[in-house]
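Visitor: I'm new to this one. Could you show me how to read it?

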Amino acid sequence: MRNLSLSTLGPLAALILLVVLGAFLNANFLSAGNITNVLARSAFIGMIAVGMTFVITSGGLDLSVGSMAAFIAGMMILAMNAMLPTLGIGVPLVLAGMAVALGVGLLAGLANGLLITRAGIEPFIVTLGTMGIFRSLVTWIADGGTLSLDFEARQFYRPVYYGGIFGITWPILVFAVVAVLGELAMRHTRFGRYCEAIGSNDRVARYSAVKVERVQLMTYVALGVLVGLATILYVPRLGSASGSTGLLWELEAIAAVIIGGTALKGGYGRVWGTVVGVLILSLIDNILNLADLVSPYLNGAIQGVIIVLAVVLQRGKSSAEGR
Amino acid sequence: MTPVLALQDVHKSFGPIEVLHGIDFALRSGEVHALIGENGAGKSTIMKILGGFLTPTSGQVLLDGQPAPYRSGAEAEAAGVVVIHQEFNLAPDLTVAQNVFLGREPGRFLLDHRAMRRETQALLDQLDCRVSPDARIRDLAVSDRQMVEIAKALGRKARVLIMDEPSAVLTHREVEVLFRQIDRLRASGVALLYTSHRLDEVRHLADRITVLRDGAVVRQALRGELTEDGMATAMVGRDLKDIFPPRRDSFGPVVLEVQGFSVPPVVQDVSFTLRRGEVLGISGLVGSGRTELAEGLVGLRTHRGSLRREGQAITLHSTADAAAHGLAYLTEDRKELGLLLDKSLRENLTLSTLGRFGRLMISRPAEETALTRAIEDFDIRAPRRDMAVGNLSGGNQQKLLLAKTMLPDPQIVIIDEPTRGIDIGTKSQIYHFIDRLARDGLSVIVISSDMPEILGLSDRVLVMRQGRVAGELQGDAITETAVVRLVMGTTEEATADA
C-alpha cells in the first residue's frame with residue numbers, strides 16, 4: 001500500500017494524540033456534551049473546507065468564503081424578515097430562507113468562478129477582491145451594526161442548530177454527509193479525477209479533452225453552495241449577522257485542507273484528510289480551553305506550528321518520491 | 001597527452017542496484033567524444049558524475065590527471081566543466097542576457113546591464129542566433145532556448161562541454177549551426193562530450209565513440225571505425241536489420257478530406273486527403289505549422305476550412321468533437337502536454353476516456369483491466385504499476401502515451417514526433433506499432449523532424465513550409481533530397497549536396 005506513508009498517517013496520528021491528550025488532561029473531554037460541542041463547531045468550517053479541497057486540488061484558491069458566509073447570512077436574514085408577513089412563522093419561511101441562502105451562495109461562487117475562468121484573472125486576486133466586497137456589503141446593509149432575525153422566527157428556526165436525531169445535532173449530521181459525499185466525489189468520480197488532473201497540469205488535462213474551465217467553475221460553484229449550506233446551519237445559532245460574522249473562516253478552511261495533506265499547488269486532494277484537519281484545529285482550541293496547561297491565547301500559535309509542520313512533512317514526502 | 005577529464009573504474013549504485021559497472025573513459029582537448037547507448041544504459045548517470053551532480057560509489061573522476069576537486073555542479077562549472085541538460089536550465093521569466101549571466105552578473109553594487117547585453121549579443125552573434133538579448137526565455141522557441149544554453153556555457157569559458165542530446169529539439173538548419181559551433185569549439189581546444197540518438201550525426205561529428213550497454217562500456221572506436229549499423233548493433237547487442245517495418249501496399253477509400261484548411265495565424269490553405277490503412281508523413285521545419293495543423297484538425301485550435309470524414313462534412317469545436325469523429329492526436333510534448341508526470345499509469349491512461357469507465361462512479365477494476373491490456377499491447381515496462389509516470393523512461397512514457405491515445409479506438413491518429421528522445425530499440429517498436437495500426441485499417445499521420453523516420457515510415461509525404469503545403473511526394477519519389485528540397489524551399493543546385 002503506497003498510502004501508508006508518514007505524511008498520510010501524520011494528520012491521523014496527530015488527531016489520535018490530541019484525543020488521548022485531551023482525555024488525559026480533563027475528565028470531561030470525552031463526555032458526550034463536549035464531543036458534540038467540538039463536532040458542531042467543526043461542522044461549519046468543515047463543510048466549507050470540503051468544498052475548498054476541490055478548489056485547491058484543481059489549482060485554485062478561494063479567500064472569500066468567510067465574507068461570503070457573512071453576506072449569505074445577511075441576505076438570508078433580510079429575506080426571511082421580509083417574507084415573514086406573507087409566509088408567517090413556519091416551515092415555509094425557513095425553507096424559503098434556506099433557498100435564498102443556497103441561491104446566494106451559488107451566485108457568489110458563480111461570480112468568483114466566472115471571473116477566474118472566463119476573464120482569466122488569478123484566483124488569489126479575484127477572491128481577495130470579492131472577500132472585501134462581500135464583507136463590506138454586509139457591513140453597509142447592517143449600517144455597521146447587526147442584522148437580526150425576527151425573534152419568533154429565530155425561536156422556530158433554533159432547532160436546526162440545536163436539534164437533531166439520535167442525539168446527534170443537525171450540523172454534525174450534515175457535515176458527515178458532506179464529508180462522505182466529498183470523499184466519494186474526489187476518489188471515485190470523474191469530477192474528482194479531473195480536479196486532480198487539472199491541478200497536476202492543466203495543459204495535459206486540456207489536451208486530454210477535459211473541459212478545464214467548466215470543471216474549475218464547478219469547484220467554485222460547489223464551494224459557494226457549501227458556504228450557503230454552512231450558513232443555513234450557522235444562522236439559527238445566533239440568529240444574527242454582522243460585519244464580523246465568519247471572520248477568518250477562509251484561513252481556517254485553507255489551513256484544514258493543507259493540514260489534511262492536500263497539496264496547496266494542486267494536483268492531489270484528500271477529503272478525509274481535510275476532515276481530520278478541521279477536527280485537529282477544533283480540538284486544539286477545545287483542549288486549551290479545558291486545560292490550564294497553556295493559555296488559550298496561544299491557540300493561534302499552536303495552530304500555526306501544526307500548519308507549518310504539516311507542510312514540512314508533505315515536502316519530505318515529495319522529495320523522497322522524486323529520488 | 002593527459003586527458004582533460006577522465007573516469008577511472010567508476011562504479012555507481014543507487015541503493016542496492018549498481019547502474020555503472022567499472023567505467024573507464026577519457027575526454028581529450030580538441031576532441032568530440034560521442035557517448036551512445038539505449039535509454040537506461042547509463043549515459044545520464046555518467047554525465048551527471050562528470051558534471052559534479054553525482055559522486056561515484058567507487059572509482060575516480062580525474063581532472064587534468066588529478067582527482068577532480070569539485071563536489072557540485074556549480075563547483076564543476078567553476079572548474080570549466082559545463083553540462084547542458086536536455087531539460088534546459090533557464091529561468092523562463094528572465095531575459096536571455098540575464099540568463100546568460102545568471103550567477104556571475106557584472107557590476108559592483110548595481111548590475112551592469114549594458115555590459116551584460118553587449119556580451120550576450122556578441123555570444124549570440126558567434127552562434128549565428130538572431131534572438132534578442134532582451135527577449136524573455138518563455139517567449140522563445142525550444143531551439144532558441146538551446147542556443148541560449150550554449151551561449152551561457154560559452155560565456156562561462158567552458159574547457160569541457162557536456163551536451164545531452166543537443167540536436168533532439170533542433171531543426172535541420174539549426175543542427176547545422178550547432179555543428180559549426182561544435183567544430184569551432186573543437187578547434188579552440190574544448191573537449192566535448194555529446195550524446196545523441198541520431199547515429200548519422202554521431203558518425204559525422206564524433207572523433208571518438210564510446211558505446212554503453214547496461215552500465216558498461218561495450219565498444220570504443222575512433223572516427224570511421226563504426227558504421228551506423230555497427231553502432232546500433234553494439235548498443236542493442238543484437239542485429240537491428242528491420243528498424244522500419246516493410247511498406248504497406250493496399251489502401252482503402254479516402255477517410256479524411258481536408259480542404260482549404262487554415263489555423264490562424266500560422267497555417268494557411270492546407271488541403272490533403274488521407275486513405276484508410278495509410279501512413280501519411282508530414283515533414284517541415286519546426287515552426288512550419290505542422291503541429292498547429294494537427295492541433296487544428298483535432299479541435300484544439302480555432303480553424304477555418306472544410307473537413308470531410310468519409311464524404312460527410314464535419315465541424316470540430318473541441319477535442320471531444322474530434323474524438324466523436326474518430327480523430328486522435330498524440331502531442332510532441334509528452335512531458336508538458338501529454339502525461340501527468342506525478343500521477344500513476346492508470347490515471348494517465350484513462351484520463352481522456354473516463355466516461356467509458358462508469359457512469360457516476362469510476363470503476364477501478366475496469367481501469368486496471370485497461371491498464372493490463374495496454375501494458376501487454378504496447379510492451380510498457382514499468383517496475384511498479386502504481387508508480388508516477390515521471391519516473392518511467394522516455395520510451396515507456398511514449399508507449400503509455402500511445403496507449404492513452406489509442407484507448408478511444410480512433411480511426412485516424414495524428415502522431416506528432418513519435419520517437420523524440422527515445423532509444424533505437426524502442427523506436428523500432430513504435431514504428432512497428434504504427435505499422436500494425438495501419439494494417440489494422442487505421443489511418444496514421446506522422447509528423448516528424450527525423451528524416452529517416454519520415455522516409456522509412458510514410459506511404460506518402462506532405463511537406464510544409466511557412467504554414468502552407470510545399471509539396472507532396474509518393475512512392476519512389478520519396479527521397480531524402482526531394483524532401484529536403486521541399487522543406488528548405490531551395491532549388492535543385494543549392495541542395496545538391498544536402
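Here is a short chat about a strand, a helix and a chain contact.

Guide: This is a predicted model, where local features need pLDDT of at least 70, side-chain atom pairs count only at pLDDT 80 or more, and totals for chains, interfaces and linings use all residues. Residues are numbered from 1 along each chain as its sequence is written, with chains lettered from A and ligands numbered from 1 in the order in which they are written.

Visitor: Which way do the residues of strand E8 of chain B point?

Guide: In a regular strand, side chains alternate between the two faces of the sheet. In E8(B), Ala191(B), Leu193(B) and Thr195(B) point one way, while Leu192(B) and Tyr194(B) point the other way. Strands here (E, at least two residues) and helices (H or I, at least four) are DSSP runs, numbered from the N terminus.

Visitor: Is E8(B) enclosed or open?

Guide: Buried means that 20 or more other C-beta atoms lie within 10 Å of a residue's own; 12 or fewer means exposed, in between is partly exposed, and C-beta atoms are placed from the backbone. Five of the five residues of E8(B), 191–195, are buried, so the strand is largely enclosed by the rest of the structure.

Visitor: Which strands pair with E8(B)?

Guide: Two strands pair if DSSP finds at least two bridges between them. E3(B), residues 32–36, runs parallel to E8(B) with three bridges, and Ala34(B) sits opposite Tyr194(B). E7(B), residues 160–164, is also parallel to E8(B), over five bridges, with Ile162(B) facing Leu193(B).

Visitor: What about helix H1 of chain B: buried or exposed?

Guide: Seven of the eight residues of H1(B), 43–50, are buried, so this helix is largely enclosed by the rest of the structure. Among them are Lys43(B), Met47(B) and Leu50(B). Just after H1(B), Gly52(B) has a positive phi of about 85°.

Visitor: How many residues of chain B are in contact with chain A?

Guide: Contact means that the C-beta atoms of two residues, placed from the backbone, lie within 7 Å. By that rule, 22 residues of chain B meet 16 residues of chain A. H10 and H11 (334–338) of chain B are the elements giving two or more residues to that side of chain B.

Visitor: Where is Thr319(B) found?

Guide: Thr319(B) belongs to H10(B), residues 319–324. Thr319(B) counts as buried because it has 22 C-beta neighbours inside 10 Å. Its contacts, leaving out residues up to four places away in sequence, are Ala209(A), Val298(B), Gly299(B) and Leu300(B).
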